[in-house]
Amino acid sequence: AVSRRTWLARLHSRRSESVWHYRETGSGRPLILLHGLGMSHTAWNAVIPYLCSTRRVIAFDIAGFGSTPALRGTPPTPAHLVDGLEQSIHELGLEVAPDLVGNSLGGYLALEAATRNIARTVVAISPAGLWREHPPRHVKSVIGSLRFMARHFPAASRAAMHLSLLR
C-alpha cells in the first residue's frame, strides 16, 4: 500500500514541471537531501531510515537527474538550479526553514541556497564549486562524458544509474 505522503509526493511532482520530484518520509523538522552529479534521490536510500525517525526527510531529484526533467530554456547553472530548489521548497508549504544536506553538486546547491537564506542550516559534503577561478581540468571531461552518454545512449545511461557501484 502506498502511504498518503508518498501518493501526495507523486501527485505533487507531476503537477508542475518546475517542482522537483522527491521522496518524503518521516516527521519532525524538515531535512532536505540533495544528491551529487549524475545521481538521483536514491543516493540517500542507505541513510534515510536513520534520519526519518526524528526528521521529515525530503530527498529531491535535482533538475535534469532522476525523475525531474532538465531545465527548459535556461542553462543549468547553480543559480538557476537553486531557483528551482527554492520554488520546490516553497511548493512544499514548509512552516519552518529546512536544514539542507548536499553531496558534491548537491553540496554546491546547498551552499548557494544558504546565501539566499533558504535554509536554517547546511551540511555540504565534498561540495563542488569551491575552486577559485576555474574548475579542475577533469571536471569538464567528466561532465562532457556524462552529457555525451545521456544524449547518445540514454537507455545505457539509465541502466548504469541502477548499478549500486555507480550510486
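Predicted model: local features only at pLDDT ≥ 70, side-chain atom pairs only at ≥ 80, totals over all residues.
Figure 1. With a relative accessibility of 11%, W44 counts as buried. When residues up to four places away in sequence are not counted, W44 touches L33, L34, H35, V101, G102, N103 and I125. The C-alpha atom of W44 is separated by 7.3 Å from that of A59, a residue 15 positions apart from W44 along the chain.

**Figure 2. The fold as a whole, as a guide to the other views.** The secondary structure comes to six helices and five strands, and from the N terminus on these elements run in the order α-β-β-α-β-α-β-α-β-α-α. Of the 167 residues in the protein, 34% are buried. Among contacts between residues at least 6 apart in sequence, 63% join residues that are at least 24 apart. The protein exposes about 10200 Å², and carbon and sulfur atoms supply 56% of that area.

Figure 3. In soluble globular proteins, nonpolar side chains tend to be buried together. The largest nonpolar core here has 22 residues, of which L34 and F60 touch the most other members. Two or more residues are given to this core by each of the elements β2, β3, α3 and α4, and α3 gives the most, with five residues. A second, separate core of seven residues includes L31, W44, I48 and V57. Leaving aside neighbours within four places in sequence, L34 is in contact with W20, W44, F60, I62, L85, V101, G102, N103, G106, L109 and A110.

**Figure 4. L81 on helix α3.** L81 is found in helix α3, which covers residues 78-92, and its relative accessible area of 3% means that L81 is buried. Apart from neighbours within four places in sequence, the residues in contact with L81 are W20, I62, A63, L71, P76, L105 and L109. The C-alpha atoms of L81 and A113 are separated by 9.8 Å, although these two residues are 32 apart along the chain.

**Figure 5. Helix α4 and what covers it.** Helix α4, residues 105-115, has as its buried residues L105, G106, G107, L109, A110 and A113. What covers these buried residues includes strand β2 (29-34), helix α3, strand β4 (99-103) and strand β5 (121-125). Just after α4, N117 takes a positive phi of about 60 degrees.

Figure 6. The side chain of T68 reaches the backbone nitrogen of H21 at 2.8 Å, while a polar atom of the T68 side chain lies 2.7 Å from the backbone oxygen of D61. Leaving aside neighbours within four places in sequence, T68 is in contact with W20, H21, D61, I62 and A63.

Figure 7. The structure holds six salt bridges, one of which is formed by the side chains of D99 and R55, with an N to O distance of 2.4 Å. D99 lies in strand β4 and R55 in strand β3, so the pair ties together parts that are 44 residues apart in sequence. Both partners count as buried, D99 at 4% relative accessibility and R55 at 19%.

**Figure 8. Salt bridges around R116.** R116 forms a salt bridge with E86, in which the closest N and O atoms are 3.6 Å apart. This pair links distant parts of the chain, with R116 in the loop between α4 and β5 and E86 in helix α3, 30 residues apart. R116 also forms a salt bridge with E112, the closest N and O atoms being 3.7 Å apart. R116 is partly exposed at a relative accessible area of 26%, E86 counts as partly exposed at 36%, and E112 likewise counts as partly exposed at 25%. Salt bridges that share partners join D83, E86, E112 and R116 into one network.

**Figure 9. A nonpolar patch on the surface.** L37, V142 and L146 form a nonpolar patch on the surface, and together these residues have about 210 Å² of accessible area. V142 lies in helix α5, which spans residues 137-152, and with a relative accessibility of 42% V142 counts as partly exposed.

Note on methods:
Residues numbered from 1 in each chain as written. Heavy atoms only, no water. Patch = residues over 30% accessible without salt bridge, like charges linked within 9 Å, V, L, I, M, F, W, Y side chains within 5 Å. Areas by Shrake-Rupley, 256 points an atom, 1.4 Å probe, with all protein chains shown as cover. Salt bridge = Lys/Arg side-chain N within 4 Å of Asp/Glu carboxyl O. Helix = DSSP H or I, 4+ residues; strand = E, 2+ residues; numbered from the N terminus. Buried < 20%, exposed > 50% of the residue type's maximum accessible area, 1.4 Å probe, protein only. Contact = heavy atoms within 4.5 Å. Polar contact = N/O pair within 3.5 Å; in protein donor to acceptor, adjacent residues only side chain to side chain. Core = buried A, V, L, I, M, F, W, Y, C linked by side-chain atoms within 4.5 Å.
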